[in-house]
Amino acid sequence: MNRHLCFQSGKNFLTVAFLIFSSFLVKDSSAQPGHEKGLPFITNYNGDNSLSLRGSWSVIEGNDGRMYFGNSTNKGNIVEYDGVNWNKIAAPYSSAVARCFAKDNNGRIYFGGSGDFGYLEKDGLGETVEHSLVEFVPKDKREFFDVWSVNTAGNDVYFLSRERLFRLTKSGDGKNETWKVKTWEPQTHFMYSFYLDNKLYVHEQNIGLLKMENDSLVLIPGSEFLGKDRMQVMLPYEENGGLSDQKY
């Protein structure tokens with residue numbers, strides 16, 4: 001099966017995003033009364049008691065079944081929903097938006113915010129709180145704006161802003177947990193990153209698609225045309241019933 005990489009950019013991304021987001025709101029119709037068969041139950045939530053009136057940028061489900069929404073608000077940039085109650089997770093005033101989420105193999109949820117990134121954890125009372133990782137970043141690398149992508153790869157977590165790519169590598173656990181940081185700078189501006197088949201890919205404006213090789217971001221030959229558009233989704237594409245090397 002030939003396996004390729006499928007790129008989705010521009011306006012078609014809105015359709016994909018709408019379908020993905022809608023899947024969280026549509027419940028299984030198999031338990032409905034007969035006269036309602038084929039009409040899925042849909043619950044709408046407004047910004048007065050749940051999501052932000054100013055927009056929700058990201059959504060992820062925790063291993064415990066709770067949903068987390070990244071919002072634009074000064075009252076808490078992440079909202080937790082347990083199926084009944086909405087809980088605004090406390091955050092510093094400077095962290096006014098959560099653009100992206102990712103979950104590692106252990107179920108820990110990482111977030112990218114505005115000038116901030118980190119992970120969610122439970123405090124001593126069982127409440128979900130934010131834990132920033134910016135303290136581990138060298139002071140001369142802490143000037144950045146929104147983090148638009150986060151990708152997990154074993155003990156590594158990649159956070160991507162327009163200004164630079166951060167890789168944080170975890171060692172130790174609990175109170176002994178610490179993080180080693182490495183950064184990469186763009187020629188122009190980084191846009192979005194993707195992790196597929198154990199490889200990290202980074203889209204750079206006016207440059208093209210880069211791939212991480214031996215700790216260096218290398219331009220994929222022939223991908224220069226992608227630098228002229230906004231590339232927001234990267235998916236595997238398989239054909240012919242067998243596996244082969246990736247093609248671009």
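1. A salt bridge here means a side-chain nitrogen of Lys or Arg within 4 Å of a carboxyl oxygen of Asp or Glu. Glu 177 makes one with Arg 108, the closest N and O atoms being 3.2 Å apart. Because Glu 177 sits in the loop between β12 (165–171) and β13 (178–184), and Arg 108 in the loop between β6 (98–103) and β7, the pair ties together parts 69 residues apart in sequence.

2. Some ground rules: this is a predicted model, with local features needing pLDDT of at least 70 and side-chain atom pairs counting only at pLDDT 80 or more, while totals for chains, interfaces and linings use all residues. Residues are numbered from 1 along each chain as its sequence is written, and side-chain values use heavy atoms, leaving out hydrogens and water.

3. Back to the charges: the structure holds 10 salt bridges. Lys 141 and Glu 185 form one, with closest N and O atoms 3.3 Å apart. Asp 64, Arg 66, Glu 80 and Lys 122 are linked in a network; within that group, Arg 66 bridges to Asp 64 at 3.8 Å between the closest N and O atoms.

4. Now the strands (DSSP runs of E, at least two residues, numbered from the N terminus). β7 (residues 109–113) pairs antiparallel with β8 (residues 117–122) over three bridges; pairing takes at least two DSSP bridges between strands. Gly 112 has Phe 117 as its bridge partner. Three residues separate the two strands of this hairpin, and Gly 115 in the turn has a positive phi of about 70°.

5. β8 also pairs antiparallel with β9 (residues 128–132), over five bridges, with His 131 as the partner of Tyr 119.

Methods. Helix = DSSP H or I, 4+ residues; strand = E, 2+ residues; numbered from the N terminus.
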